[in-house]
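The sequence and the structure follow.

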Amino acid sequence: METVLHWLLLVIAVAAGWFMGRWGRDGSVGRQRIDDEEAVRDRLQFLFTNYSDEAIENFVQALAVNRETVGLHLSVGAHFRLKGETERAILIHQNLLARPELPARYSQQVTYELAMDYMNAGLLDRAESLFHQLLGTRDYSRQASDQLIELYQQEREWDKARQVASTLTVGYPEAELHKQLAYLTCELAEDTLRHDDRWGAQKLVKEALEQDRTCVRASFLQADIQKRQGNVSDVEQSLLKVFDQNPAFGSEAIDRLMKFTRDKGDVAKLAKRLRKLYESWPSTSLLLALVEAVERASGRPAAIDLLREELEIRPSLKGLLRLVEMAGYEKGMTTDEGRLVSRMGQLLLANRPVYRCISCGFEGRQLHWLCPSCKKWEKVQPIQGVEAE
């Protein structure tokens with residue numbers, strides 16, 4: 001009974017809309033087509049507000065397919081997909097695509113919407129097939145290429161993603177596309193390096209830097225390869241190049257540089273270079289590295305003076321904890337107050353996020369080159385501030 005009532009109200013609503021449209025034309029108000037954006041939006045708002053999803057779905061399935069109603073079919077399908085009801089969205093778009101009366105110029109749009117339904121439903125093989133059908137089309141080639149790259153990234157099929165991105169950069173020479181291509185090439189380089197193919201990895205890293213000379217990850221990979229090859233001075237150069245590429249990742253470069261240099265026992269010789277870097281790009285990691293180098297070169301009192309002086313200018317929790325540790329050790333004792341401050345500071349830092357995406361705000365304690373939330377490359381960066389860098 002309820003379903004019959006819904007249908008009756010729905011028919012009355014549509015009939016009222018038709019008569020009003022008819023009256024508008026006769027009254028010289030101006031021709032208004034149902035696929036006009038504003039008209040479709042108003043009528044959909046009325047339908048979504050007053051009727052159940054099931055009633056709307058049944059109505060759309062029974063609705064004729066022609067130039068004036070395609071927009072309504074597509075909007076209802078998108079509505080269901082946004083609500084997470086992808087099965088209903090798939091049925092609507094499949095029904096639309098199977099109808100011979102569908103105007104040819106809407107075929108690509110419906111195919112794209114159906115592919116998006118499959119993508120949301122996790123039916124990636126079906127989505128992939130439809131996106132491939134749209135490659136080379138005038139209106140949907142770019143969108144299909146973007147979705148294919150995202151799909152291959154989800155599947156970690158880096159080579160396929162790279163092929164699509166490489167083709168895309170020919171027609172769209174955008175900086176972000178070149179960065180994406182560079183990072184996809186880095187994924188391949190890392191896989192190659194994992195199999196200890198240093199020469200193959202080196203070739204891929206070089207290609208990545210040709211695509212985007214600011215690709216930070218390519219420099220880190222280059223340093224890893226040089227380290228395996230025993231090129232000590234080149235490792236240092238590759239890591240320090242990160243400051244010119246993207247200073248936001250300077251702390252990552254310094255951490256790797258200090259670890260590498262400690263193994264060689266040459267930390268003291270870095271003091272002059274670290275001081276120069278700190279003057280240009282101050283950060284907590286760089287300050288602590290500089291303090292360590294000064295301590296090795298000039299002794300602990302000089303390092304403590306430097307750290308105390310810099311914390312007055314640029315306070316940081318990690319710097320304070322290091323000062324408490326160094327000063328306590330220098331006095332030959334660790335006070336109860338000192339231990340309490342260290343304990344509280346470590347607790348504060350323990351659960352704090354270390355990285356944040358500058359595009360979507362995603363936070364975490366692990367560095368992701370590809371943001372898990374917004375799917376953009378090199379946007380997750382070390383957090384700056386008193387409790388971080």
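Which residues does proline 247 touch, not counting residues up to four places away in sequence? Proline 247 touches Val242 and Trp281 under that condition. The model in which this pairing is seen is a predicted one.

**The loop between α14 and α15**

Proline 247 lies in the loop between α14 and α15, and its relative accessibility of 36% makes it partly exposed. In space, the C-alpha of proline 247 is 9.6 Å from that of serine 280, although the two residues are 33 apart in sequence.

Asparagine 246 is found in the loop between α14 (242-245) and α15 as well. Its relative accessible area is 15%, and asparagine 246 therefore counts as buried, the cut-off being under 20%. With neighbours within four places in sequence left aside, asparagine 246 is in contact with Val216, Glu378 and Gln381.

**Overall organisation**

The protein chain comprises 20 helices and 3 strands. It has 389 residues, of which 45% count as buried. When contacts between residues at least 6 apart in sequence are considered, 54% of them join residues at least 24 apart. The accessible surface of the chain is about 21,400 Å², and carbon and sulfur atoms account for 51% of that area.

In soluble globular proteins, nonpolar side chains tend to be buried together. In this model, the largest nonpolar core has 84 residues, and those with the most contacts inside it are Phe131, Ile254, Leu274 and Trp369. Helix α10 (residues 175-194) gives the most to this core, contributing 9 residues. A second, separate core has 7 residues and includes Val65, Leu102, Tyr106 and Val110.

The surroundings of phenylalanine 131 can be listed in detail. Beyond its neighbours within four places in sequence, phenylalanine 131 is in contact with Tyr112, Ala115, Met116, Met119, Ala144, Gln147 and Leu148.

How many cavities of 30 Å³ or more does a search of the whole structure find? The search finds 1 such cavity. About 70 Å³ of space lies in the largest cavity. Its lining consists of Val232, Glu236, Leu257, Phe260, Thr261, Lys264, Asp266, Lys269 and Leu270. Two or more lining residues come from each of α13 (232-240) and α15 (250-264), and α15 gives the most, with 4 residues. By class, the lining of the largest cavity has 4 nonpolar, 1 polar and 4 charged residues.

**Residues with positive phi**

Arginine 156 has a positive phi of about 55 degrees although it is not a glycine. This residue lies in the loop between α8 (141-154) and α9 (158-171). Because its relative accessibility is 55% and the cut-off for exposure is over 50%, arginine 156 counts as exposed.

Lysine 375, likewise a residue other than glycine, has a positive phi near 65 degrees. Lysine 375 is found in the loop between β2 (363-364) and β3 (380-382), and at 34% relative accessibility it counts as partly exposed.

**Two further buried residues**

Leucine 367 is placed in the loop between β2 and β3. Is leucine 367 buried or exposed? With a relative accessibility of 18%, leucine 367 counts as buried. Apart from its neighbours within four places in sequence, leucine 367 is in contact with Phe249, Glu252, Tyr355 and Val380.

Serine 342 lies in helix α20 (residues 336-350). The relative accessible area of serine 342 is 18%, so this residue is buried. Serine 342 is in contact with Leu321 and Val324, neighbours within four places in sequence being left aside.

The table sets out C-alpha to C-alpha distances for three residue pairs discussed in this report.

| Residue pair | Separation in sequence | C-alpha to C-alpha distance |
|---|---|---|
| Proline 247 and serine 280 | 33 residues | 9.6 Å |
| Leucine 367 and tyrosine 355 | 12 residues | 6.4 Å |
| Serine 342 and leucine 320 | 22 residues | 8.8 Å |

For leucine 367, the paired residue Tyr355 is also one of its contacts.

Terms used:
Residues numbered from 1 in each chain as written. Predicted model: local features only at pLDDT ≥ 70, side-chain atom pairs only at ≥ 80, totals over all residues. Heavy atoms only, no water. Core = buried A, V, L, I, M, F, W, Y, C linked by side-chain atoms within 4.5 Å. Buried < 20%, exposed > 50% of the residue type's maximum accessible area, 1.4 Å probe, protein only. Contact = heavy atoms within 4.5 Å. Areas by Shrake-Rupley, 256 points an atom, 1.4 Å probe, with all protein chains shown as cover. 1 Å grid on protein atoms, 1.4 Å probe; cavity = no way out; pocket = protein on both sides within 12 Å on 5 of 7 lines; lining within 4 Å. Points joined across faces, edges and corners; volume = space filled by probe spheres on them. Nonpolar A, V, L, I, M, F, W, Y, C, P; charged D, E, K, R; others polar.
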